[in-house]
Each structure stands twice: as structure tokens, then as C-alpha cells.
Amino acid sequence: MNKQRIDGVDFWRGLVLIVIFINHLPGNYFENWTPRNYGFSDSAEAFVFLSGVAVALAYAGRMLKGDLVAVLTGLGRRARLLYFWHLGLTFIACVLFATADYLIEHMAFMTEHGRDLLLAAPLDALLGILGLGHQLGYFNILPLYFVLLAVAPVLLWLSARSLAAMLAASGLVYLGATATGLNLPSWPVAGVWFFNPFAWQFIFAIGIAVGFLIRTGQAIPRLGPLLLAALACNLTGALLVSDLFGQSPGLLASMTWLDAYKSKTDLGIVRLLDFLALAYVLHTLRVTAWLRGRAIFAPLARMGRHGLAIFAAGCILTVIGQIAMRSWNTNWVFDLAFIGLGVVLFDQLARLLDESRLRAVQAKATVA
């Protein structure tokens with residue numbers, strides 16, 4: 001059962017990576033059909049939640065055995081890897097956008113999403129990027145993940161003693177951050193991080209709690225009344241975000257009082273509740289088990305097993321796609337072809353990585 005559940009986590013991670021890929025191509029036809037158009041939450045919540053689940057699956061056993069050194073070593077190695085991947089992806093993106101600016105007139109790619117600082121104050125921009133204080137648009141979730149991995153040992157340590165205490169502590173930090181506006185500052189441009197780590201650590205912590213339950217073989221209860229409440233929450237969100245499915249244009253925009261509760265930067269409470277409700281609906285209705293026999297399950301699970309590599313490939317492809325879509329008069333046919341090509345490339349990359357991992361295991365077994 002645990003193996004099936006872990007395969008399910010991989011599947012949802014793979015699906016989330018595809019959704020992120022689509023959403024990071026602004027203006028493409030298919031972004032109109034991603035989940036963010038039918039609820040307050042989007043792929044970011046799922047990405048961070050599943051990251052927490054994955055961390056617990058990987059390290060809960062060691063923490064429960066009291067092997068804190070192994071946990072710190074493993075998470076430290078992972079955080080270091082993420083940091084350098086973030087720097088590499090940021091560098092590649094800047095090179096691609098700068099090249100496009102040089103080759104294509106009047107596009108001004110280097111004037112958007114924080115890239116202008118590289119032209120105005122290159123040394124400050126470089127130091128800011130190295131210190132994670134300056135993050136380019138569409139390249140700001142790995143810095144959040146880096147910080148979350150840094151605090152993961154504390155969350156795992158607390159979880160090994162009491163999941164309730166861990167969630168309570170994390171929840172208090174979340175409430176304090178949302179009430180006071182506590183966030184990490186950006187630099188050298190004045191401001192704060194796009195993803196507030198003090199707020200987003202709460203959904204990461206919830207993911208760790210779920211991962212602990214899976215790792216220790218404890219069932220997450222399926223309760224009828226809670227399912228109905230979750231469905232009502234998701235339906236309400238879908239109606240509001242879609243303006244009653246297009247029948248009442250401007251409905252959500254007119255509800256200005258909601259703005260304080262749906263901030264993406266601070267993980268607004270309606271975003272958090274919308275995601276948790278959706279996750280509970282999917283769990284209670286056993287959607288993962290139903291999908292396991294479908295053709296899409298294995299490829300997406302394969303991508304999810306190699307999430308960082310697929311995410312990186314998606315980042316590079318979205319830069320290329322953004323340049324192409326801005327430079328040419330593209331339409332839905334181009335969007336379909338480009339997204340389809342991206343998914344095929346992700347699948348092939350995941351296959352290659354699977355084969356490489358298998359060869360490494362076989363070689364190790366042969367030596368042993």
C-alpha cells in the first residue's frame with residue numbers, strides 16, 4: 001500500500017509540473033483551462049505541499065530512529081543542490097532573454113520581471129541573485145524551497161514527537177506572518193519575497209504531516225461530512241473565480257474585501273483552504289487509485305520521480321516559449337504543438353533518468 005501511495009505522490013507531482021509549465025507560458029490558449037481558473041489555489045500550493053510529503057517520505061524513518069545527523073546531511077545536500085540549480089536556471093534564462101533582445105528588435109525582453117537590474121546595476125543584480133534577494137519573475141519558487149529545506153529538520157524533529165505540536169507551531173508562525181506582514185526582504189530592489197517563506201512553510205508542514213502518516217502506515221480518515229464541506233468549499237471557489245462560469249463578469253473583482261484573504265505572496269487563507277479542500281476531495285474519492293490504471297498515470301509518475309530535472313527543463317522551455325510567443329503571431333495551434341512537444345521531451349528525459357538510475361543500481365549490485 002505504501003508503494004502505491006508513493007507512486008500516487010509521484011503522479012501528482014508530475015501533473016503539477018505540467019500545469020506549472022503551461023501557466024508559465026502567459027497568453028497561451030491552454031492556460032485558460034488550468035485549475036487556477038476554477039479555484040483560489042493553483043499549482044504553487046500543490047508543489048509546496050507535495051514537496052513536504054516527499055521530504056517526510058524520505059527522512060521520517062531516519063528521524064524516528066533518532067538519526068539527526070543523517071537527516072541534516074541529506075537535507076543539506078539537497079538544499080545545496082537546489083541553490084546551484086536555481087543559479088544555473090537564472091543564468092540560462094538571462095542568457096536566452098539577452099540573446100533574444102540582441103537578435104530581435106523592439107522586444108525589450110530584458111526590461112521585465114527583474115531582468116532590467118542586470119542592465120542598470122549588474123554587480124548589485126549579481127550579488128542579489130547569489131544571495132537570493134533578487135529573484136526573477138517565474139524563477140522564484142526554488143528560493144522558497146531552499147528555505148523550506150533549511151527549516152525542514154526542525155519540522156521533522158517536532159513531527160517525530162507530536163504531529164499536532166508541529167502543526168500548531170507552524171500554524172502560529174503562519175498566523176503571525178499574515179497578521180504582521182513578516183517576510184524576507186528583497187535586495188537590492190526594495191520589497192519582499194514573492195513567496196513569503198514564513199507563510200508558505202505552513203502548507204509545507206502540512207505536507208510533512210501527511211508524509212509522516214503515509215510513512216508510518218496511518219490512514220487519513222475519509223469522513224462524509226468533511227467531504228461535503230470540502231466539496232462546498234471548492235464549488236464556491238470555482239463559482240467566484242470563474243465569475244459564475246462566465247455568467248457574471250466582474251463578480252470576483254467586485255468583492256474587494258476578499259483581496260486580503262487570497263494573497264499569493266502570503267498564502268491567503270482562502271487559497272490555503274481551497275487547496276486543502278481539493279486535496280481532501282481527491283483523497284476521499286480515491287481519485288489516485290482510479291487513475292492508476294489509466295495510460296497517463298505511468299508517464300506522469302515517471303516525471304514526478306525526477307521532479308527537479310523536469311522542473312528545470314520546463315523553466316528553460318518556458319523561456320523559449322515566451323520569446324517565441326512574443327516575437328511571432330502565434331495561435332492555439334502553436335500553443336498545442338509547443339506544449340505537446342514539451343510534455344514529450346519531459347517524458348523522454350524522465351525515461352533516460354530512470355534508465356540511468358537502474359544502470360547505477362545494477363552496477364552497484366555487481367560490485368557488491
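## Salt bridges

A salt bridge is taken here as a side-chain nitrogen of Lys or Arg within 4 Å of a carboxyl oxygen of Asp or Glu. The structure is a predicted model, in which local features need pLDDT of at least 70 and side-chain atom pairs count only at pLDDT 80 or more, while totals for chains, interfaces and linings use all residues. Residues are numbered from 1 along each chain as its sequence is written, and side-chain values use heavy atoms, with hydrogens and water left out.

By the salt-bridge rule the count comes to 10. One of these pairs is D42 with K264, whose closest N and O atoms are 2.8 Å apart. D42 lies in the loop between α1 (2–23) and α2 (43–64), and K264 in the loop between α10 (251–254) and α11, so this pair ties together parts that are 222 residues apart in sequence; helices are DSSP runs (H or I, at least four residues), numbered from the N terminus. Residues are called buried under 20% relative accessible area, exposed over 50% and partly exposed in between, with a 1.4 Å probe and protein chains only. On that scale D42 counts as buried, at 12% relative accessibility, whereas K264 is partly exposed, with a relative accessible area of 26%.

Because R271 lies in helix α11 and E45 in helix α2, the pair ties together parts that are 226 residues apart in sequence, and both R271 and E45 are buried.

The side chains of E112 and R115 also meet in a salt bridge, at 3.6 Å from N to O; E112 is partly exposed, with a relative accessible area of 26%, while R115 counts as buried at 2% relative accessibility. Salt bridges that share partners join D42, E45, K264 and R271 into one network.

With contact defined as heavy atoms within 4.5 Å, and with residues up to four places away in sequence not counted, D274 touches G39, F40, S41, C233, N234 and G237.

## Cysteines

A disulfide is a covalent bond between the sulfur atoms of two cysteines. With the cut-off set at a pair of cysteine sulfur atoms within 2.5 Å, a search of the whole structure finds zero disulfides. The sulfur of C315 is 12 Å from the closest cysteine sulfur, in C94, which is too far for a bond, and C315 itself is buried, with a relative accessible area of 3%.

## Nonpolar surface and leucines

Y29, W33, Y38, F245, W332, V333 and L336 make a nonpolar surface patch of about 770 Å². Patches are made of residues with over 30% relative accessible area and no salt bridge, with like charges joined within 9 Å and nonpolar side chains (Val, Leu, Ile, Met, Phe, Trp, Tyr) within 5 Å; accessible areas come from the Shrake-Rupley method with a 1.4 Å probe, and for residues only the protein chains shown count as cover.

Another leucine, L126, lies in helix α5 (residues 122–130) and counts as partly exposed at 45% relative accessibility. From C-alpha to C-alpha, L126 and L358 are 39 Å apart in space, and they are 232 residues apart in sequence.

How values were computed: Helix = DSSP H or I, 4+ residues; strand = E, 2+ residues; numbered from the N terminus.
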